[in-house]
Amino acid sequence: MRTRKGWALFLTLIMMISVLAACGQTGGDSSSTDEAAQGPVSGTAAIESLATIGDAMALEGAEFRQSSGQDNRFVYAFDLDETHYRVIASMTDEEFQAFMDLDFDDPDYDADLEKIIGQLKIEKWENLSDMIPPQEELDQWVGKTGQELFDAGWTNSGWNLEGMEFWMNYGPFMYTVVMEGTVENAEDFDEGDIAPLVVKSVTYNDLGDAGTIEE
């Protein structure tokens, strides 16, 4: 038989347990509130959350840069938080052929394109900004000729002969390549005339051909 003193102690213990349980529940609610207050996920966390190309296209705060379909793969490049990214997805033969059959001049092109690529599952993502070569590595091209750059896989995309500046792509990036000397017949200059020129400096400029994946 319980005494009054025993019942009082029993009730006190029950109340303490109830208070502790309530405190635990409040902690869980606070965590959820904190997560909601943080706003949209950004940076690497946002990229890792992407499942499809459609997700990348709809990513809040992202700026589209380039896309490309080749070799049964689709590449989508964009900027987020001042960082270059690209995501890569595989396409079946049927999906790739449907992509190739699209007519760019068709007013429904964008909608038809999204139907094909939107559901493609992302297999890989890359932080392209982390792949930009350091200046010390770029300096190793100084003294090379234009032909040596071409032989190594560089491609030309334009020039400013007044400053002897050439915008050239290498890998996913575009670089400003300054050549030594001057060009006398600027009006007759073409890409082949770059070959004998000697590199004076190479600096990173921007994304170049981010849609091409080099094996």
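Me: In which order do the four strands of the open sheet that contains β5 stand, and how are they paired?

Reply: This is a predicted model, in which local features need pLDDT of at least 70, side-chain atom pairs count only at pLDDT 80 or more, and totals for chains, interfaces and linings use all residues. Residues are numbered from 1 along each chain as its sequence is written, and side-chain values use heavy atoms, with hydrogens and water left out. Strands (E, at least two residues) and helices (H or I, at least four) are DSSP runs numbered from the N terminus, and two strands pair if DSSP finds at least two bridges between them. On these terms the pairing in this sheet is antiparallel, and the order is β5-β6-β7-β8.

Me: Which strands stand at the edges of this sheet?

Reply: An edge strand here has a single partner strand, so one of its sides is left without a neighbour in the sheet. Inside the pairing, β6 (residues 165-170) and β7 (residues 173-179) run antiparallel and are joined by six bridges, and M168 stands opposite Y175 in β7. The strands at the edges are β5 (155-160) and β8.

Me: By what angle are neighbouring strands turned against each other, on average, in the sheet of β1 to β4?

Reply: This open sheet has four strands in the order β1-β2-β3-β4, with antiparallel pairing. Its edge strands, β1 (63-70) and β4, each pair on one side only. Axes are lines fitted to C-alpha atoms, for helices over the stretch in contact, and angles run from 0 to 180 degrees between N-to-C directions. With direction ignored, neighbouring strands are turned on average by 15°.

Me: Which residue in β3 is the bridge partner of A77?

Reply: Strand β2 (residues 73-80) and strand β3 (residues 83-90) run antiparallel and are joined by eight bridges. Within β3, the partner of A77 is R86.

Me: How far apart are the closest N and O atoms of the salt bridge between R86 and E126?

Reply: A salt bridge is a side-chain nitrogen of Lys or Arg within 4 Å of a carboxyl oxygen of Asp or Glu. The pair links R86 in strand β3 with E126 in strand β4, 40 residues apart. E126 belongs to residues 122-127 of that strand. The closest N and O atoms of R86 and E126 lie at a distance of 2.5 Å.

Me: Is E126 buried or exposed?

Reply: Buried means under 20% relative accessible area, exposed over 50%, and partly exposed in between (1.4 Å probe, protein chains only). Contact means heavy atoms within 4.5 Å; leaving aside neighbours within four places in sequence, E126 is in contact with H84, Y85, R86, I88 and M131. Because its relative accessibility is 13%, E126 counts as buried.

Me: How many salt bridges does a search of the whole structure find?

Reply: Side chains of opposite charge can pair when their charged atoms come close. Among the pairs found here are R65 with D79 and R86 with E126. The number found in the whole structure is four.

Me: What percentage of the residues of the protein chain count as buried?

Reply: The protein chain has seven helices and eight strands. Among its 215 residues, the buried share is 34%.
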